[in-house]
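Got your viewer open and ready? Load the model and follow along, one selection at a time.

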Amino acid sequence: MPDITDINGVALSGITDINGVVKANISDINGVSIPTAGGAEINFADITVTVENADFNTDDTWTADLPSSAGSGDFVMIIFNWDGFRSSNRVNTPTGFTSRSHSGSSNSDNHIHVYTRLFDGSEGSTVDFTPTSSQGSRGGVFFTFICENIDTSDPFGAIGALNTDGSGDEIPLRNLTSVNAGTFVNIAGFDGADGGPATMTNPSFTITIAGQQDSPNNSSSSSHVTTIWGFAHIGANTQTDNTIATFQKSDGKAGQTFTLNKA
């Protein structure tokens, strides 16, 4: 008999207790087993890409598509890379979402943001983004997806040193040490849609590329951004090593690494 994966349509990863008994202390329901912690690896499901190439002003909202299969109990993440030339974050966090990390500066000429939300069924199919001040004509890339088998009560294990670089075709995505077993994620952004195809290499882990996208789409233009992200599964108390993201040209870059705890 297969393991339980959801209860009344709510993903098991989104349930913390049943009738007051914490999930970690429940081994089965009516004889059907519940996967134990440290079992299934984190999986990124229903990855959805939205590309923007338009004005990003206080009255010009950018709208990202959310995973169409996401529902109540799903843990959803958004990776947002955009052509920002300022030294600080100029994006408002969407209502209901949590800002997890931000890297970018005037040196990198692009900014990477990570947001998450544990869905309750009221989210709809899209989410709007607005800048704190008008930015003019810009480009951006959104990756939205469901993190399956993640510990929704304590999803992030560690966030590494955020990195920017103003020139060169490589950027190191800084190593860190995991807290619990799970997955580490590398993200890199390049100041121009002529940065791809990009690659990621790590001396200790095989990085699975989960997404790569330009804005403008499929462009060789030096304007806007190229975004790439990848991941590898990792044990507890383990160092990730530096991942090197390599682009096709020299320009500004931003990067970050974080670990996720599996359920």
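Start with Asp194: is it buried or exposed? Asp194 is buried, with a relative accessible area of 11%. Here buried means under 20% relative accessible area, exposed means over 50%, and partly exposed is in between (1.4 Å probe, protein chains only).

Before you go further, a word on what's on screen. This is a predicted model, where local features need pLDDT of at least 70 and side-chain atom pairs count only at pLDDT 80 or more, while totals for chains, interfaces and linings use all residues. Residues are numbered from 1 along each chain as its sequence is written, and side-chain values use heavy atoms, with hydrogens and water left out.

**Stop 1: the salt bridges**

As for the strand names, helices (H or I, at least four residues) and strands (E, at least two) are DSSP runs, numbered from the N terminus.

How many salt bridges are there by this rule? The count comes to 4. For another one, select Glu41 and Lys262, whose side chains meet at 3.4 Å, N to O. This pair links distant parts of the chain, 221 residues apart: Glu41 is in the loop between strand S6 (32-33) and S7, and Lys262 is in the segment after strand S22 (253-261). Glu41 is partly exposed at 34% relative accessible area, whereas Lys262 is buried at 12%.

Now pick Arg117 and Glu123. Their side chains also meet in a salt bridge, at 3.2 Å from N to O, and both residues are buried.

**Stop 2: a five-stranded sheet**

Switch to a cartoon view. Look for an open sheet of 5 strands, in the order S7-S13-S9-S11-S10, with antiparallel pairing. Two strands count as paired if DSSP finds at least two bridges between them. Strand S7 (43-55) and strand S10 (98-105) are the edges, each pairing on one side only. Neighbouring strands here are turned by 15° against each other on average, direction ignored; axes are lines fitted to C-alpha atoms, for helices over the stretch in contact, and angles run from 0 to 180 degrees between N-to-C directions.

- S7 and S13 run antiparallel, joined by 11 bridges. Select Phe44 to find it opposite Cys147 in S13.
- S9 (residues 75-82) and S13 (residues 137-148) are joined by 7 bridges. Ile78 stands opposite Thr144 in S13.
- S9 and S11 pair over 8 bridges. Look for Asn81 opposite Ile112 in S11.
- S10 and S11 pair over 7 bridges, and Gly104 stands opposite His111 in S11.

Stay with that last pair a moment. S10 and S11 form a hairpin with 4 residues between them, and Asp109 in the turn has a positive phi of about 60°.

Colour by accessibility next. S13 is mostly covered, with 10 of its 12 residues buried. S11 is mostly covered too, with 8 of its 9 residues buried.

**Stop 3: the nonpolar cores**

Which residues touch the most other members of the largest nonpolar core? Of its 21 residues, they are Phe44 and Leu260. Such a core is a set of buried Ala, Val, Leu, Ile, Met, Phe, Trp, Tyr and Cys residues joined through side-chain atoms within 4.5 Å. S9, strand S11 (110-118), S13, S17, strand S20 (225-234) and S22 each supply at least two residues, and the largest share, 4 residues, comes from S13.

Centre on Leu260. Leaving aside neighbours within four places in sequence, its contacts (heavy atoms within 4.5 Å) include Ile42, Phe44, Met77, Phe156 and Val185.
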